[in-house]
Amino acid sequence: MIQFTYAKPTSQKAAIDALRKDSNAKIIAGGTNLVDLMKRGVTAPTRLIDINGLPLKNISAYKGGITIGSLALNSDVSEHALVLANTPLLSLALKAGASPQLRNMATVGGNMMQRTRCPYFYDTSLPCNKREPGTGCSALEGYNRMHAIFGHSDKCIAVHPSDMCIALVALDANVIAEGPKGIRKIKFQDFHRLPGEAPEKDNTLQKDELIVAVEIPDSPFKKHVHYLKIRDRTSYAFALVSVAAALQLEGNTIKNARLAMGGVAHKPWRLSAAEKALIGKPANEATFAAAASIGMDGAKGFKYNQFKVQMGRNAIIDALKTAANKA
Amino acid sequence: MADEKKHSCQHESRRDFLKQSTLLSALAITPAAMLKAAESGWDEGIASAIEKMPLKIEVNGKVHALSVEPRVTLLDLLREQLHLTGTKKGCDLGQCGACTVHVDGRRVNSCLTLAIMQNGKKVTTIEGMAKGEQLHPMQEAFIKHDGFQCGYCTPGQIMSAVACIREGHANTEADIREYMSGNICRCGAYSNIIAAITDVKNGGKQI
């Protein structure tokens, strides 16, 4: 790992100032992804700003929802009474991610800011537009089994690796960011971006902004929820495909629905059209299959990940069935 | 006098020898590196970057006042500076769990956190589990159930296993498998590891 300087500010303002002053400074919270990237030479900040001294760990209720501080640990969030009672889908998604040790280190903000696990992004001897803009995408013609089937561009076909973010996008969360000009609220759906012509940008957070919290508005999705993660081993692996499904049922009729997928795009992938197709219909396999077909419409795989199209369809149906059957 | 010298030589470990030879190599290469830094106009940056920072950390009940470079991971601090080599470096990328230790009572991958970030924290490593000659119940259970073959992942497995029970995640075999998934065993001793954890859990001892 290359040398860097280290600072531990005690206020948000000081952290933001430090970011603004040094264009090659980076925030460190849990470090579970950044330290890894630094060891491999994928990123080389000259200054680390450790924000663990900031009071951003609280999980609390507000009128209309819950707020989770950006430094709250993934393990703490997943087992917090407010989260379990109000947004059980988030708890399920968090528990599907990483390992218990990593969840004890990883923070909510860090989870959102983690980089793709595309092997070409990590291999500094090969071209990668995300790592070095303009060098090309090695995954396009490479071993692209783990890659995107939605929203990709000819510059990048990497996927966002988070599970937590899939639940947050489904739950219409908001990201609270603080910058030199004050606080800004970003819709979770607009936080991460598609690669387009600039895959080096994972999200819309500005260089001098700090994520301070995530707000999750109250929703009726407290019971019929499921997070289905399909991976190469039972636990502790990134998703090939994952589905966050939430239903509000009245009798057997679907009153409201949320669907999002992970492992399929450069950002957490919300399936709005499929959600609309579920509303007002009976909660049965035919409804779920029809929604899944709509959800997978436009999916386009590459040489080694074509299987994700069928797998995605099946996963949506399965996740919806499990969610509907939850007692 | 001669006897005393002989005595100390006998006790010079391979580790001390390696440390001395590394120091000699470092002396040999440092000037050139510094020269290059100066030529590149990095001198000020490098000088401030390599400045060591004070670190106060409690490890296995002993408080250490140390001085570390910011880039030193907790794992490297434990192994290289404190010579607590029970904590293993497996992948060094947070994928295997061999480096698992407890920080303020919670299990973490020591390879993915910087030592400087643990200022003021309490760390427990595998060396801190036994009470004198009395092994920790989890260590005894791993021996009883043959919970290892090569033993390289074992310190991490044991640290994780103890945390798994303390967290309340060892109630069923499925639970144990899920909550021990961050510790990879390439010998495949998983079923015996689960037996050891179940035994300790059912034993009901305070761990």
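## A loop residue in chain B

B:Asp92 sits in the loop between helix 4 and strand 3 (100-103) of chain B. Helices (H or I, at least four residues) and strands (E, at least two) are DSSP runs, numbered from the N terminus. The phi of B:Asp92 is near 65 degrees, a positive value in a residue other than glycine. B:Asp92 counts as partly exposed, because it has 18 C-beta neighbours inside 10 Å. The classes work as follows: a residue is buried if 20 or more other C-beta atoms lie within 10 Å of its own, exposed if 12 or fewer, and partly exposed in between, with C-beta atoms placed from the backbone.

This is a predicted model, in which local features need pLDDT of at least 70, side-chain atom pairs count only at pLDDT 80 or more, and totals for chains, interfaces and linings use all residues. Residues are numbered from 1 along each chain as its sequence is written, while chains are lettered from A and ligands numbered from 1 in the order in which they are written.

## Chain B overall

Chain B has eight helices and five strands. Read from the N terminus, the elements run α-α-α-β-β-α-β-β-β-α-α-α-α. Chain B has 207 residues, and 36% of them are buried.

Take the contacts in chain B between residues at least 6 apart in sequence: 59% join residues at least 24 apart. Two residues are in contact if their C-beta atoms, placed from the backbone, lie within 7 Å.

## Helix 4 of chain B

Helix 4 of chain B covers residues 74-81, and its buried residues are B:Leu74, B:Leu75, B:Asp76, B:Leu77 and B:Leu78. What do these buried residues pack against? Their partner is strand 2 (62-68) of chain B. Just after helix 4, B:His83 takes a positive phi of about 55 degrees.

In chain B, helix 5 (residues 137-144) and helix 6 (residues 154-167) pack at an angle of about 125 degrees, and their axes are 10 Å apart. Axes are lines fitted to C-alpha atoms, for helices over the stretch in contact, and angles run from 0 to 180 degrees between N-to-C directions. Helix 5 and helix 6 of chain B are therefore oblique to each other. Angles under 35 degrees count as roughly parallel, over 145 as roughly antiparallel, 65 to 115 as roughly perpendicular and the rest as oblique.

Helix 5 of chain B contributes B:Met138, B:Gln139 and B:Phe142 to the contact, and helix 6 of chain B contributes B:Thr154, B:Ile158, B:Ala161 and B:Val162. By class, this contact has five nonpolar, two polar and no charged residues. Ala, Val, Leu, Ile, Met, Phe, Trp, Tyr, Cys and Pro count as nonpolar, Asp, Glu, Lys and Arg as charged, and the others, Gly among them, as polar.

## Where the chains meet

The contact takes 27 residues from chain B and 21 residues from chain A. On the chain B side, the elements giving two or more residues are helix 3 (43-49), strand 4 (106-109) and helix 7 (173-179). Strand 4 of chain B gives the largest share of that side, four residues. The chain B side divides into twelve nonpolar, ten polar and five charged residues.

## An open sheet in chain A

Chain A holds an open sheet of four strands in the order 9-10-11-12, with antiparallel pairing. Strand 9 (224-230) and strand 12 are the edge strands, and each pairs on one side only. Two strands pair if DSSP finds at least two bridges between them. Strand 10 (residues 241-250) and strand 11 of chain A pair in the antiparallel sense over nine bridges. A:Ala244 stands opposite A:Ala260 in strand 11 of chain A. Helix 5 (residues 88-96) of chain A packs on the sheet and touches strand 9 and strand 10 of chain A. The direction of this helix makes about 15 degrees with that of strand 9 of chain A.

## Single residues in chain A

A:Lys267 lies in the loop between strand 11 (253-262) and strand 12 (269-270) of chain A. Is A:Lys267 buried or exposed? A:Lys267 counts as buried, because 25 C-beta neighbours lie inside 10 Å. Leaving aside neighbours within four places in sequence, A:Lys267 is in contact with A:Gly151, A:His160, A:His192, A:Arg193 and A:Leu194.

A:Val175 is in strand 6 of chain A. A:Val175 is buried, with 26 other C-beta atoms within 10 Å. Not counting residues up to four places away in sequence, A:Val175 touches A:Ile186, A:Phe188, A:Phe191, A:Ile211 and A:Val214.
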